[in-house]
Amino acid sequence: MLQVKLIITGDDFGYCPRRNQGIVDCFLAGAVSNVSLLVNGSAAADAAKLARRYNIPIGLHANLSEGSPVCEVLKTNSSLLNQDGFFHGKMGFRTALSKGLLNMSEVKQELKAQVELFQELTGHLPPHMDGHQHVHVLPEVRHVFAEVLEEYGIKYTRVPIEPGLQNCDWIPPSLMDFYLGVEEDSFNTVDVFTKHGIRWPDIYIGLSTMGRNMSVSSIRSAIDSAVLQLSAGAPRSSAAIELMVHPGYPSVPPAGGCGEGPDDFSQSWERLHELQTLIKPELQSHYKSRNIQLCSFKDL
C-alpha cells in the first residue's frame, strides 16, 4: 500500500491572537501538522513563541499583498505601496504587476527581509516558504521568489495546482476565475522552481475545500482522489500531499491584521467552521484507514 505523507498547513499564523489560538488548538488536536507564519502579522512574535512552546513545525508565508512591509527602507516611497502606504492588496498587487509598476528588486528586498525576520523570531530558517494569496507564483515574482529560496537554501514551497479543480461546481464563478488564474500561474512556475532546485509536495489541495466548502466529506473525497491519482502513476513507495487550511477563532477588530487591521476573511465565521471541521474524529480515523501519516515539510 502506498505510504502517503499528508502535510496539513495552517496558513496566516501570526495574523492575530485568536487565529493563533485556533491554529494551536488544531495542532494539539492532531488536525494541523504544519503552520505558515506571516512575519508582518500583528501577532507574529506571539505565534513564534507558541510554535516553540508546542514544537509546531513552522515555515514562512511570504506576504507582499496585505498590510505593511517589514523592510525599513520600503516603508516609505516604494513601488510595493499604495497611496495609503500599505501593500496594494490581493487584486491590487496583481493589477500593479500587470501594469509593470512593481520594482522586482524591491520585491526581492522585502522577501529577504521577511526571511531574516522569520529567522530572528524563530531562531532558524524556514524549512518551507510559500506566498500569502499565492503571490509567489505570479509572473516576474516567481523568478525573484525562486532566487531568494535558493540563496537561503530553503528547499520546499507550495505550487497550487489542485487536481479536478475545474469540476468543482460549488465554487462561485468569480472565485473560480481567480482560482484558475492561480492554477495557470502555477503551471507557468513549475519550470522556474525546478531550475532553482526547489521542491514541493506531489499534490496540493485547498482551493476546493476552503471556508464554507470545507466538510469531512469534501476533505475525504479530495484526499481519496489524490491518493487514487498517485497510485495510478509510476510505481512508488511513498508520496506527499499538502492540504492548505485557514482555521482559527474569527478576528475581532481592532486586533489583528498586518498593519491595517483584520480583513473580512479573518473575521468570517468560516475560520471557526474550518477549525470545527478539521478536529472531527472522523477525519483522523480516515487518515489512519488510508495509511496516511500526518507530517511537516521537515519530514519529506
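In these legends, contact means that heavy atoms lie within 4.5 Å. The structure is a predicted model, in which local features need pLDDT of at least 70 and side-chain atom pairs count only at pLDDT 80 or more, while totals for chains, interfaces and linings use all residues. Residues are numbered from 1 along each chain as its sequence is written, and side-chain values use heavy atoms, with hydrogens and water left out.

View 1. Val35 lies in strand E2, residues 34-37; strands (E, at least two residues) and helices (H or I, at least four) are DSSP runs, numbered from the N terminus. Because its relative accessibility is 0%, Val35 counts as buried, a word that stands for under 20% relative accessible area, with exposed meaning over 50% and partly exposed in between (1.4 Å probe, protein chains only). Leaving out residues up to four places away in sequence, Val35 touches Thr9, Gly10, Phe13, Ile23, Ile56, Pro57, Ile58, Gly59 and His128. One of these, Ile23, is 12 residues from Val35 in sequence, and their C-alpha atoms are 8.0 Å apart in space.

**View 2. Aromatic rings in pairs.** A pair of aromatic rings is described by the distance of the centres and the angle of the planes. Rings of Phe, Tyr and Trp (its six-membered ring) pair if their centres lie within 6.5 Å, and planes under 30 degrees apart count as stacked, over 60 as edge-to-face and the rest as tilted. A search of the whole structure finds four such pairs. Among them is the tilted pair of Phe145 and Phe193, with 5.8 Å from centre to centre and 35° between the planes. This pair links distant parts of the chain, since Phe145 is in helix H5 (residues 141-152) and Phe193 in helix H6 (residues 173-195), 48 residues apart. Both Phe145 and Phe193 are buried, and together with Trp200 they form one aromatic cluster.

**View 3. Helices H4 and H5 side by side.** Two packed helices are described by the angle between their axes and the distance between the axes. The axes of helix H4 (residues 104-122) and H5 come within 10 Å and cross at roughly 35°, where axes are lines fitted to C-alpha atoms, for helices over the stretch in contact, and angles run from 0 to 180 degrees between N-to-C directions. On the H4 side the contact is made by Met104, Val107, Lys108, Leu111, Lys112, Val115 and Glu116, and on the H5 side by Val141, Val144, Phe145, Glu147, Val148, Glu151 and Tyr152.

**View 4. Asp224 and its partners.** Asp224 lies in helix H7, residues 216-232, and counts as partly exposed because its relative accessibility is 24%. Apart from neighbours within four places in sequence, Asp224 is in contact with His286 and Arg290. The C-alpha atoms of Asp224 and Arg290 are separated by 8.4 Å, although the two residues are 66 apart along the chain.

View 5. Most residues other than glycine have a negative phi, and most peptide bonds are trans. Glu140, in the loop between strand E4 (129-131) and H5, has a positive phi of about 70° although it is not a glycine. Asn291, in the loop between helix H10 (281-289) and strand E7 (292-294), also has a positive phi, near 60°. The peptide bond from Pro253 to Pro254 is cis, with omega near 5°, and Pro254 is found in the loop between strand E6 (238-245) and helix H8 (264-267).
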